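Reader: I have a model open and would like to talk through how its parts pack. Could you take me through it?

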There are 2 protein chains.
Amino acid sequence: MARTKDKNTEEQILEAAKNVFQTKGMDGARMQEIADSAGINKAMLHYYYRSKQLLFEAVFKNAFSLLAPQLNKILNDASSIEEKVRNFTSNYITFIIKHPYLPNFIIQELNRNPDFILKIQENSTLLNIEKFKTQVTLEVNQGILKPTKGDQLFINIMALNIFPFVAKPLIKAFTKEDEKGFKTLMEQRKTEVSEFIINSIKQH
Amino acid sequence: MARTKDKNTEEQILEAAKNVFQTKGMDGARMQEIADSAGINKAMLHYYYRSKQLLFEAVFKNAFSLLAPQLNKILNDASSIEEKVRNFTSNYITFIIKHPYLPNFIIQELNRNPDFILKIQENSTLLNIEKFKTQVTLEVNQGILKPTKGDQLFINIMALNIFPFVAKPLIKAFTKEDEKGFKTLMEQRKTEVSEFIINSIKQH
DNA sequence: ATCTTTGTTAACTAAATGGTTAAACTACAT
DNA sequence: ATGTAGTTTAACCATTTAGTTAACAAAGAT
């Protein structure tokens, strides 16, 4: 019985591969587990994607292209720094609660193989903080912000938004919160984090 | 020729295992590579540590026991929140520059197997932020700090200090800095981060 | 109807990998 | 010098794993 289901096999594989790679990583993932999870024969993985490496790259690019527009908002839209911080923080945390394994997956795999970032930089022109830095300098000169280094501010925004999800097990251990308590903390952060940042950089 | 060198074999293995596990992770590490790196026969790994799992756990506990005193400073010493933030930030960044793979290793492996944290919680009484939270509440009531949630402040301090090292490849890509430029950014952060935090929470 | 292309499977292969074993070597106590 | 306990090695083993193959099924195209 040929699987003439609504979804085509190639997409089923990608979906299954996403789940396995994002939870186990490249080294921990097994082709057999991906096949089982997709409900198909292992040979199909190679039929559609040739090798584990290529299947992994398909998953990775997919993940990154999901994340990129989120980051783009803070780098390249027209609003003020304060608005950007507020919007980004709220949107990003909402986004990650929907895709909990994403940031950890990307960071882990980039550390394993930093060359991956080169492949990504070819495909997307973003990943450039120059515009953001210029805007920070401008708002500092206009007296809107206290003296602030654009690159450090960018790092701080990323850190405050992304880190809690990456270090989730650590944070749960320290705060003694369960899954529900952790989620509450993260919901709080949608506004807490932007207040924290704005408080620090806004000229009063 | 028996290796009657100054360092005993067991320590040589642990040192080699540390290097391999911390860069490749549990799944990516190979026992043969650890043996080669230690300059000894693979059977010795099992002679001294029985299994890959146990060798890994020895490395992990070692890594964590190196990190714990750092975190302890901010949780359990007697200074004010402002002093704690300043000292911790400067000390922690210095510490991590010396042990660059450590935070990523711990975070990656805790995500792979969150139960590890249980084993650690048995051995060390630390990992408790209650004292820190009480102190924050106290300083808020004394009018030293603006209204601030202790647990969120703790997360923010961790995030700002640890994240840049965990996400190093991403940050290098965004800021277009090379290794040297990255290190300069991190050196700046020894004071930048504490200013950023103090600015945000201190009552003026 | 049958030929061809595409999709799918079970069985197989070669290499890698964690772990074992039996023999050999070292140092030291007697 | 010899026995003994601890240490080290080369060779081996069983299993896992990514990848291949050859045969088979489905569905259009002619």
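Reader: Which residues in helix 9 of chain A meet helix 9 of chain B?

Author: This is a predicted model, in which local features need pLDDT of at least 70, side-chain atom pairs count only at pLDDT 80 or more, and totals for chains, interfaces and linings use all residues. Residues are numbered from 1 along each chain as its sequence is written, chains are lettered from A and ligands numbered from 1 in the order written, and side-chain values use heavy atoms, without hydrogens and water. On the chain A side they are A:Ile155, A:Asn156, A:Met158, A:Ala159, A:Leu160, A:Ile162, A:Phe163, A:Pro164 and A:Val166, where contact means heavy atoms within 4.5 Å.

Reader: How many of those contact residues are nonpolar, polar or charged?

Author: The residues of this contact between helix 9 of chain A and helix 9 of chain B divide into 16 nonpolar, two polar and no charged.

Reader: And at what angle do the axes cross?

Author: The axes of the two helices, each spanning residues 150-166, come within 8 Å and cross at roughly 100 degrees, which makes helix 9 of chain A roughly perpendicular to helix 9 of chain B (65 to 115 degrees).

Reader: Switching topic, how is chain A divided into domains?

Author: Chain A has domain 1 (1-50) and domain 2 (61-201), with bounds from an automatic or database domain assignment, and their C-alpha centres lie 31 Å apart.

Reader: What salt bridge is there with A:Asp27?

Author: The side chain of A:Asp27 meets that of A:Arg112 at 4.0 Å, N to O, a salt bridge being a side-chain nitrogen of Lys or Arg within 4 Å of a carboxyl oxygen of Asp or Glu, and the count between domain 1 and domain 2 of chain A is one salt bridge.

Key:
Axes fitted to C-alpha atoms, helices over the stretch in contact; angles between N-to-C directions. Helix = DSSP H or I, 4+ residues; strand = E, 2+ residues; numbered from the N terminus. Parallel < 35°, antiparallel > 145°, perpendicular 65-115°, else oblique. Nonpolar A, V, L, I, M, F, W, Y, C, P; charged D, E, K, R; others polar.
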